[in-house]
Amino acid sequence: MCGTSGSGKTTFLNLIAGILKPDGGRVELDGSPISDAGEAGRDRVRARKIGYIFQTFNLLQGYTCIENVLLGMSFGPGADRRWARELLGRVGLGQRLDHFPRQLSTGQQQRVAVARALANRPKLVLADEPTGNLDPTSAAESLGLIRETCLENGAALLLVSHDRGVLDRFDNVSDLADINRAAAWPGAVEGKS
Amino acid sequence: MLSTVITAFSIALASGLLMSVWVVKDQARANFTGVDSGFDGVFGARGSKLQLVLNSIFHLEESPGNLAWVEYERIAADRRVATAVPIAVGDNYYGYRLVGVTTNLFDVEYREGKKYTVRSGYLFNPSKKQAVVGSFAAERLKLRVGDTFHPYHGLIFEKNKQHAETYVVSGVMEQSNTPADRVIWIPIAGLQNMAGHSAETASDVSAVLVKLRGTSSGMMMNQEFNFQGDVMTFAWPIADTMSKLFNKIAPVEMVLRAVAFLVALVAAGSILASIYNSMNERRREIAILRALGARRSTIFAIVVLEASGIAALGAVAGFLVYYVIMSVAAWLIRQETGIVLNPLEFQPVMVWAPLAMLSLGALAGLVPAAKAYRTDVAENLTPIS
């Protein structure tokens, strides 16, 4: 999904993740209307079915790589150290399990965030400008890794970015501006959507 | 980290203080009211019963006055009296009291089945200048059997008041954990006739310790000597006299307890303040946890647990603080009174004080937990610049 800065990309992801409750309309995930659930219900869905990769990674600095991944599991089905190790190995950090985020490069930190997002075997991975803080080479590598790991784990990927270079690598790209228009004038874009 | 350590230390201090105040109070009361050295009562000059008991049983305070030897003989001959032991005080050796006594003191059981015995050497010969030194006094003064010393006049050590008489240590007593451990026992005639003591009062005694032939004897003698007579004071029963002392100092105990409670409250306040202040810095961390699926109630519980954890750490360290305070207090009390407190003896306060600190810590965690509970996730997910 593309969108210019300030167009509401993060808000849109937060609505899907159940962090925010929509004023109107519905958000459905895996056939369930999560927007109708209470806060605790939305928290539960987020913990079990959604993985979230933030632009700033949002790793907890006081925890090691593996602890960050385990923490992602602890609110869902429960911590599984073997799976956490396997995931970190898959993203190339098998030798950095006990490193703290500050001991890693930016690209490595993002890989921890990817592993954490996949920790609970989610149905959907949300990625908010995941390459925004990376150089072009790392960004390309990272994007490839996110797509591959989502595919391997059977998770749908919804990625938002304003970067054309990133968006061009996807077949199915929607513009947030269209969605905003559809929300404002439902009739005007009925045929188009 | 530093604030956590300081907070845990303040909890440890509070917990340790609470336990110490309670244990010192309870053990001191139990020991002081339980020590009667095997006697039922004490006769002495007309005056304060408390002063009489402190002087003759605990070897503290000055003597309220003397009794003539004839009074002692009258008491000893009384059919209601099973044993009468006269004592005379008035001299010291480097601050440790010399108490003149007759050898029948050593026939009395100071505790059931326990008599004062010598660990090394032998009891003094009543007609010689010999001394039996209490275990604590011997340890502090480094006196051993065969050593000689010159007593000093008065109950307080003054270098220029040395007596000319030379005493030989004939024996060192077995530790009894009673005030007798701090005393240097010598023949009563020796103390009465020490050079420099008044010749007129040479046969006087400071007090007469008595063992009675029954409770009714005590009641009769109490009536006879305290209410009808005006020559002697009869302190009976000894435990009652000491209880009155503790009742008098009860307000001091209350102040100490209040101080300990205040320290506990301040410690709880410091938990609240340190965690509450850290909440601002931890808004993003909380938001991340919420974004990962943590419920508000989980975050609330984490903060309360954190506060309880700090309190638990403090409560555990409180035992160390308690042990240090108690060791110093026990040493001081033993030094001053000969009473031995046991810091390791179990008291209920050792359970309820740490539990109270834990509860107080958890309660103090409720306020920052409520703040964490209200943290807005979407607003705080981005880095705080």
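## Basis of the description

Residues are numbered from 1 along each chain as its sequence is written, while chains are lettered from A and ligands numbered from 1 in the order in which they are written. Because the model is predicted, local features need pLDDT of at least 70 and side-chain atom pairs count only at pLDDT 80 or more, whereas totals for chains, interfaces and linings use all residues.

## Chain A: overall form

Chain A contains 8 helices and 5 strands; helices (H or I, at least four residues) and strands (E, at least two) are DSSP runs, numbered from the N terminus. The order of its elements from the N terminus is α-β-β-α-β-α-α-α-β-α-β-α-α.

The C-alpha trace of chain A spans about 55 × 40 × 25 Å along its principal axes. Of the 193 residues in chain A, 40% are buried. A residue is buried if 20 or more other C-beta atoms lie within 10 Å of its own, exposed if 12 or fewer, and partly exposed in between, with C-beta atoms placed from the backbone. Among contacts in chain A between residues at least 6 apart in sequence, those that join residues at least 24 apart account for 68%; two residues are in contact if their C-beta atoms, placed from the backbone, lie within 7 Å.

## The open sheet of chain A

Chain A has an open sheet of 3 strands in the order β3-β4-β5, with parallel pairing. Its edge strands, each pairing on one side only, are β3 (50-53) and β5 (156-160) of chain A. Neighbouring strands of this sheet are turned by 15° against each other on average, direction ignored. Two strands pair if DSSP finds at least two bridges between them.

Helix α6 (residues 136-152) of chain A lies across β3, β4 and β5 of chain A and runs at about 155° to β5(A). Axes are lines fitted to C-alpha atoms, for helices over the stretch in contact, and angles run from 0 to 180 degrees between N-to-C directions.

## Contact between the chains

Chain A gives 17 residues to the contact and chain B gives 13 residues. On the side of chain B that touches chain A, the elements that give two or more residues are α9 and α12 (377-380) of chain B. The largest share of that side, 3 residues, comes from α9(B).

## Helix α11 of chain B

Helix α11 (residues 349-373) of chain B has 25 residues and reaches 35 Å from its first C-alpha to its last, close to the expected 36 Å. The expected span is 1.5 Å times one less than the number of residues. At B:Val367, shortly before the proline B:Pro368, α11(B) has a kink of about 35°; the bend at a residue is the angle between axes fitted to the seven residues ending there and the seven starting there.

The buried residues of α11(B) pack against α1 (2-34), α8 (250-281), α9 (283-291) and α10 (296-337) of chain B. B:Pro368 counts as buried, with 24 C-beta neighbours inside 10 Å. Not counting residues up to four places away in sequence, B:Pro368 touches B:Leu272, B:Ile275, B:Tyr276, B:Met279 and B:Val303. The C-alpha atoms of B:Pro368 and B:Met279 are separated by 6.9 Å, although these residues are 89 residues apart along the chain.

## Strand β10 of chain B

Strand β10 (residues 167-173) of chain B is largely enclosed by the rest of the structure, because 6 of its 7 residues are buried. Strand β6 (residues 118-121) of chain B pairs with β10(B) in the antiparallel sense over 3 bridges, with B:Gly121 opposite B:Gly171. Strand β7 (residues 130-133) of chain B runs parallel to β10(B) and is joined to it by 4 bridges.

## Backbone exceptions

The peptide bond from B:Trp236 to B:Pro237 is cis, with omega near -15°. A:Phe57, a residue other than glycine, has a positive phi near 70°, and it is buried, with 20 other C-beta atoms within 10 Å.
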